[in-house]
Amino acid sequence: MMQTFTAIRSFVFHYPKTIAVVTVTGVGLFGAKKWMAGGVCHSKARLDGKTVLITGGNTGIGKETAVDMARRGARVILACRDMDRANNAAEDVKKMSGSVNVVVKKLDLASLQSVRQLAEDVLASEERLDVLINNAGVMSCPKWQTEDGFEMQLGVNHLGHFLLTHCLLDLLKKSAPSRIVNVSSLAHERGQIYFDDIHQEKDYRPWKSYSQSKLANVLFTKELSNRLQGTGVNTYSLHPGVIRTELGRHFWPTMPLWKRVVYTPLMFFIKSPAEGAQTTIYCAVEESLQNQSGLYYSDCAPKTAAPQGRDDEAAKKLWDLSASMVGLTKS
């Protein structure tokens, strides 16, 4: 023991600069990682007797959000496409939260029929719906189409959630005060709604399409808030941060090898799913937000959306177009 201590003392004495550099670097890296983790939801709000529906709740930030909602006492509905993975996730959520009040329902956002079937199921089986979290999404995928012929990212990220929300509005109003949380992205800042080529048929680029769909989330939240004034139903959109989840499964393999080599060390600083879920949780439960609606959030705080995300006329125009595309009457 004495020899080990003497050896360490000798090393420190002979290499003080090395020790100092390593220490400062380590502390700096730890501090940078904590800073990148972003805000934390500190609300202690309970959700006993309330029901929360989360789309895509079988993985990533959706699953972490489900665990948090269940811990707060909510009945949690995981609405997912892959039922095997969803059932496995539900068991994980039950174990991690200590709650058995977690159920799974089928939802394929790339199918309007599936969206309507889920809504009918929820309306028939649930007495209330206090929080709807539109979390599921696809990012930077190839040029695919949904069952109904929509460009995949617009169809899943926006149109599927647009229809689902519409179908569940009466139940949300009945359960007021209630909330609708739309998971968007910082990518909305690079987005534009291509009203003359909404499916990107003339010039499809994965990131261009993704940014359009995320801008659509922000505009939908804004217009929905205007239409729900006085109902007790509030809406929120958010950027969860850059997170280590399956969402990038289409993006990462398309990157050149040299970029993957460069970016791999940076993965250390990317948010974990639990860290990435904090702003979603914040928008779902934070008591101070009960009189706010239609706004955009990041790192558990209100942020100013990009100018195109605050365009009232574009929001109304997108609403009418979306309603027409999913078979609803414009209003």
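Buried means under 20% relative accessible area, exposed over 50%, and partly exposed anything in between, with a 1.4 Å probe and protein chains only. Keep that in mind for the first stop. The model is predicted, so local features need pLDDT of at least 70 and side-chain atom pairs count only at pLDDT 80 or more, while totals for chains, interfaces and linings use all residues. Residues are numbered from 1 along each chain as its sequence is written, and side-chain values use heavy atoms, leaving out hydrogens and water.

**Stop 1**

Select Lys44 to begin. With a relative accessible area of 73%, Lys44 is exposed. Lys44 sits in the loop between helix H2 (16–36) and strand E1 (51–55); helices (H or I, at least four residues) and strands (E, at least two) are DSSP runs numbered from the N terminus.

Lys44 and Arg72 are 28 residues apart along the chain, and their C-alpha atoms are separated by 8.2 Å. Is Arg72 buried or exposed? Arg72 counts as buried, at 9% relative accessibility. Show its contacts next (heavy atoms within 4.5 Å). Leaving aside neighbours within four places in sequence, Arg72 touches Cys41, Ser43, Lys44, Ala45, Arg46, Leu47, Asp48, Ile281 and Val285.

**Stop 2: the second largest pocket**

Keep Val285 selected and bring in Lys50, Pro177, Arg179 and Ala284: of the 15 residues that line the second largest pocket, these five are the closest to its centre. On a 1 Å grid over the protein atoms alone, a pocket is an open set of points with protein on both sides within 12 Å along at least five of seven lines, a cavity is a set where a 1.4 Å probe fits but cannot get out, and lining residues have an atom within 4 Å of a point. The volume of this second largest pocket is about 310 Å³, taken as the space filled by probe spheres set on grid points that are joined across faces, edges and corners.

Strand E5 (178–183) and helix H10 (278–285) each supply at least two residues of this lining. By class, the lining has six nonpolar, four polar and five charged residues. Here Ala, Val, Leu, Ile, Met, Phe, Trp, Tyr, Cys and Pro count as nonpolar, Asp, Glu, Lys and Arg as charged, and the others, Gly among them, as polar.

While Pro177 is on screen, look at its backbone. The peptide bond from Ala176 to Pro177 is cis, with omega near 5°, and Pro177 is found in the loop between H6 and E5.

**Stop 3: the nonpolar cores**

Select Leu53, Leu132, Leu168, Leu172 and Ile180. These residues have the most contacts inside the largest nonpolar core, which has 47 residues. Such a core is a set of buried Ala, Val, Leu, Ile, Met, Phe, Trp, Tyr and Cys residues joined through side-chain atoms within 4.5 Å. At least two residues each come from E2, helix H5 (112–125), H6, H7 and helix H11 (312–325). Which element gives the largest share of this core? H6 does, with 11 residues.

Centre on Leu132. Beyond its neighbours within four places in sequence, Leu132 is in contact with Leu53, Leu164, Thr165, Leu168, Leu172, Arg179, Ile180 and Val181.

**Stop 4: the cavity**

How many cavities of 30 Å³ or more are found in the whole structure? The search finds one, and about 30 Å³ of space lies in this largest cavity. Select its lining: Asn134, Asn157, His161, Asn182, Val183, Asn217 and Phe220. Helix H6 (152–174), strand E5 and helix H7 (206–227) are the elements that give two or more residues to this lining. The lining residues divide into two nonpolar, five polar and no charged.

**Stop 5**

The whole structure has zero disulfides, a disulfide being a pair of cysteine sulfur atoms within 2.5 Å. For Cys283, the nearest cysteine sulfur is that of Cys300, 7.8 Å away. The sulfur of Cys300 is 5.7 Å from the closest cysteine sulfur, in Cys41, which is too far for a bond. Cys283 is buried at 0% relative accessible area, and Cys300 is buried at 12%.

Step back to Asp299, in the loop between strand E7 (295–298) and strand E8 (301–303). Asp299 has a positive phi of about 50° although it is not a glycine, and is partly exposed, at 31%. Then jump to Ser140, in the loop between strand E4 (131–134) and H6. Phi of Ser140 is positive too, near 55°, but Ser140 counts as buried, at 6% relative accessibility.
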